[in-house]
Amino acid sequence: MTNKKRARRERPAEPSSFPALPFVSPREHGRAHYWTVPPVGGPVEHYPEAERTGREYALQFVQWLQANPGIAGMGILGWIASDIDYKAPDRSGYWVGFFACIECLLMERGPAF
């Protein structure tokens, strides 16, 4: 097998420090689950609190990414987006806050708190 064929099959390793973020949980097999949040009504009581928590998660994610610049471009934001259950209304505040904060950071306005 040529190196070219072997390189296409190999995927980049999952970052080992990434699962330390509060919204990431390990799985027994395969990659971690990149969006694990409790339902509103549990430790987070209301939608605004979940939204605030989502913004905090975004800031933690960006800080982590800045501390690990070699990982940028691996598609981790896509992993997060693909693991979100958009049909779970008791968890929607988290992802709304997360992506709103990411949008503000992309526009260099800073997080909207």
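## Exercises on loops, helices and core

Thr36 has a relative accessibility of 34%, so it counts as partly exposed. The classes are: buried, under 20% relative accessible area; exposed, over 50%; partly exposed, in between (1.4 Å probe, protein chains only). This is a predicted model, in which local features need pLDDT of at least 70, side-chain atom pairs count only at pLDDT 80 or more, and totals for chains, interfaces and linings use all residues. Residues are numbered from 1 along each chain as its sequence is written, and side-chain values use heavy atoms, with hydrogens and water left out.

### Exercise 1. The loop around Thr36

Place Thr36 in the fold and list what it touches beyond its sequence neighbours.

Solution. 

Step 1. Locate it. Thr36 sits in the loop between H1 and H2. Helices (H or I, at least four residues) and strands (E, at least two) are DSSP runs, numbered from the N terminus.

Step 2. List the contacts (heavy atoms within 4.5 Å). Setting aside neighbours within four places in sequence, Thr36 contacts Pro22, Phe23 and Ser25.

Step 3. Check a distance. Thr36 and Pro22 lie 14 residues apart in sequence, yet their C-alpha atoms are 8.2 Å apart.

Step 4. Look from the other side. Ser25 is in the loop between helix H1 (3–9) and H2. Beyond four places in sequence, Ser25 touches Ala32, His33 and Thr36. From Ser25 to Val37, 12 residues along the chain, the C-alpha separation is 9.4 Å.

### Exercise 2. The overall fold

State how many helices and strands the protein has, and how much of it is buried.

Solution. 

Step 1. Count elements. The protein has 4 helices and 0 strands. Along the sequence the pattern reads α-α-α-α.

Step 2. Take the burial. Of the 113 residues, 31% are buried.

Step 3. Check the range of contacts. Among contacts with a separation of 6 or more, 62% join residues 24 or more positions apart.

### Exercise 3. Helix lengths

Solution. 

Step 1. Apply it to helix H4 (residues 92–106).

Step 2. Look past the end. Just after H4, Glu108 takes a positive phi of about 60°.

### Exercise 4. How H2 meets H4

Describe the packing of H2 and H4 by angle, distance and handedness.

Solution. 

Step 1. Take the axes, which are lines fitted to C-alpha atoms over the stretch in contact, with angles from 0 to 180 degrees between N-to-C directions. The axes of H2 and H4 come within 6 Å and cross at roughly 45°.

Step 2. Classify the angle. That makes H2 oblique to H4. The classes are: under 35 degrees, roughly parallel; over 145, roughly antiparallel; 65 to 115, roughly perpendicular; the rest, oblique.

Step 3. H2 passes H4 in a right-handed crossing.

Step 4. Name contact residues. H2 contributes Ala50, Thr53 and Tyr57, among others, and H4 contributes residues including Gly93, Tyr94 and Phe98.

Step 5. Check the cover. The buried residues of H2 pack against H3 and H4. Those of H4 are covered by elements including H2 and helix H3 (76–83).

### Exercise 5. The core

Identify the residues that touch the most other members of the largest nonpolar core.

Solution. 

Step 1. Define the set: buried Ala, Val, Leu, Ile, Met, Phe, Trp, Tyr and Cys residues joined through side-chain atoms within 4.5 Å.

Step 2. Read out the members. The core has 22 residues, and Phe23, Trp35, Tyr57, Phe61, Ile80, Tyr94 and Phe98 touch the most others.

Step 3. Assign the sources. H2, H3 and H4 each supply at least two core residues. H2 gives the largest share, 6 residues.

Notes:
Left-handed = near helix turned anticlockwise from the far one by under 90°.
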